[in-house]
Each structure stands twice: as C-alpha cells, then as structure tokens.
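Subject: Structure handover

Hello,

Here is the structure for you to look over. My notes follow below it.

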Amino acid sequence: MSWFGKKKEATPSTADAISKLQETETMLQKKSDFLEAKITQEMKTAKTAGMKNKRVALNALKRKRRYEEQLNKIDGTLCTIEFQREALENANTNTEVLKNMGYAAKALEGAHKQIGDIDKVHDLMDDIAEQQELANEISSAISSPMGFGMEVDEDELLAELEGMEQEDMDRQLLDIPDSAVPNLPSVPDAVPSAAQEEEDEDMAALAAWAT
C-alpha cells in the first residue's frame, strides 16, 4: 500500500478511448461470428440425429440454446459500446469545433485590434465617400463637351443650313447650258409701219418692171 495514497490516473483522450472501444467491438464481433457458426452447426446436428437419436439431438439443441444466450449478450454489449463510441466521436468533433472556433475568435479579435477604434472606421468611410464623389465630379467635368463659353442655337444652325442649300440650287439653275434651252423663233426688234410696207411694195414693183 502506498503511503501517499493512490496515484491519480491521467484522463484519457477521446481519441484513445475511441480506439479502445473499436478494438473491443472488433473482438466481440469475431466472437459473435463464431457463436453464429456454432449455432448453425448444432442445428444441423439436431436435424441429422432427429428422432433416431434423441439424446444427440437434445444435447445439440441445449448447446444451441447456450450459444444463443451468449450471442444475445454480445449483441447487447455491442450496442452499448457502439452508442458509447458514437458519443465519444461526437464529443471529439465538438471539441475540435470549439477549439477551431476559439482560434478563429482570437484571430478576429486581433484583426479588430489592428483596425482600431470604430470611430476611425466611420471617418475613413466618410473620407472614401467624399473622394469618390469628387472623382465622379471630375469625371463628369472631363467627359462633358466643350462649348468654349458659347451657347449655340440649333434653330439658327438649321436656318443657315437651309440657306446654304438654297444657294446651291440657285447656282445649279444659273449653270444650265444653252443646249438645254429649246430653240424659239426670233422676235423682230420693231414692228414695220404702214408707210414702210407700202414703200416696200413699190420697190418690188419697180424691180419687176425693170426686168
């Protein structure tokens, strides 16, 4: 007996406990398979002996009953171990999840410390918004068409365009060649008087008598 009392055992980890339970499950499953094979064998023995050899058949059935009882106990133990193993696996998963969440929380806290005071964040966002607005104004000013300070009336421009078209039409009419104008009978410069007509007739008669 120890003078300092019983030594306290170290708490096993969930991974070690799960590994031990899996080993136990494997061992019990092999035992279960063995008992199932024995039960099948004893059933065959009992059927073979039958009524011809009642003692052999009865002993085989008794052994089968014992094997079945052991098999039922093993099945119950396997169910308990499986439940315990699943609980340990869930606990192990929860432990890892909580550990990772704690790690992430510390990282997030460190990031917030680097950012600093929340008022500084608001001030920075206000500065960004102000600079963005200024950039938009500069972009609008650059992209606007330059008018050199003069307002242009589109109605005046249209009137000027119509005048230019009319001048072109007038110029085309003046440039029509003479061949394009049809020949018309010439018009005498003056209408002959009655005395002139009579004189012409006398001159014609005189010329006829002379010949």
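Valine 97 belongs to helix H2. Together with Leu98 and Met101, Val97 forms a nonpolar surface patch of about 300 Å².

Before the rest, a word on confidence. This is a predicted model. The mean pLDDT of the chain is 81. Of its residues, 75% reach 70 or more. Confidence is highest in H1, at a mean of 92. Confidence is lowest in helix H5, residues 194–210, where the mean is 62.

**Overall layout**

The chain has five helices and zero strands. Read from the N terminus, the order is α-α-α-α-α. The chain has 211 residues, and 9% of them count as buried.

**The core**

Which residues make up the largest nonpolar core? There are nine: Leu21, Leu28, Leu35, Ile39, Tyr67, Leu71, Ile74, Leu78 and Ile81. Two elements give two or more residues each: helix H1 (14–49) and helix H2 (54–115). H2 has the largest share, with five residues.

Setting aside residues up to four places away in sequence, leucine 35 touches Tyr67, Gln70, Leu71 and Ile74. Of these, Tyr67, Leu71 and Ile74 are listed in the core, as is Leu35.

Is glutamate 42 buried or exposed? Glutamate 42 counts as buried, because its relative accessibility is 6% and the cut-off is under 20%. This residue sits in helix H1. Apart from neighbours within four places in sequence, glutamate 42 is in contact with Ala60, Arg63, Lys64 and Tyr67. Tyr67 is also one of the core residues.

Glutamine 41 is in helix H1 too. Glutamine 41 is partly exposed, at 45% relative accessibility. Its C-alpha is 8.6 Å from that of lysine 64. In sequence, glutamine 41 and lysine 64 are 23 residues apart.

Lysine 64 itself is buried, with a relative accessible area of 12%. Lysine 64 also forms a salt bridge with glutamate 68. The closest N and O atoms of that pair are 2.9 Å apart. Both residues lie in helix H2, and they are separated by about one helical turn because they are four residues apart. Glutamate 68 is partly exposed, at a relative accessible area of 26%.

**Salt bridges**

The structure holds seven salt bridges. One of them joins the side chains of arginine 85 and glutamate 25, at 2.6 Å from N to O. Arginine 85 is in helix H2 and glutamate 25 is in helix H1, so this pair ties together parts that are 60 residues apart in sequence. Both partners are buried.

How exposed are they? Glutamate 89 counts as partly exposed, at 29% relative accessibility. Arginine 85 is buried, at a relative accessible area of 15%. Through shared partners, salt bridges join Glu25, Arg85 and Glu89 into one network.

**Where to look**

- Leucine 35, with its contacts to Tyr67, Gln70, Leu71 and Ile74.
- Glutamate 42, with its contacts to Ala60, Arg63, Lys64 and Tyr67.
- The salt-bridge network of Glu25, Arg85 and Glu89.

Best wishes

Technical notes: Residues numbered from 1 in each chain as written. Predicted model: local features only at pLDDT ≥ 70, side-chain atom pairs only at ≥ 80, totals over all residues. Heavy atoms only, no water. Core = buried A, V, L, I, M, F, W, Y, C linked by side-chain atoms within 4.5 Å. Buried < 20%, exposed > 50% of the residue type's maximum accessible area, 1.4 Å probe, protein only. Contact = heavy atoms within 4.5 Å. Patch = residues over 30% accessible without salt bridge, like charges linked within 9 Å, V, L, I, M, F, W, Y side chains within 5 Å. Areas by Shrake-Rupley, 256 points an atom, 1.4 Å probe, with all protein chains shown as cover. Salt bridge = Lys/Arg side-chain N within 4 Å of Asp/Glu carboxyl O. pLDDT = per-residue confidence, 0-100.
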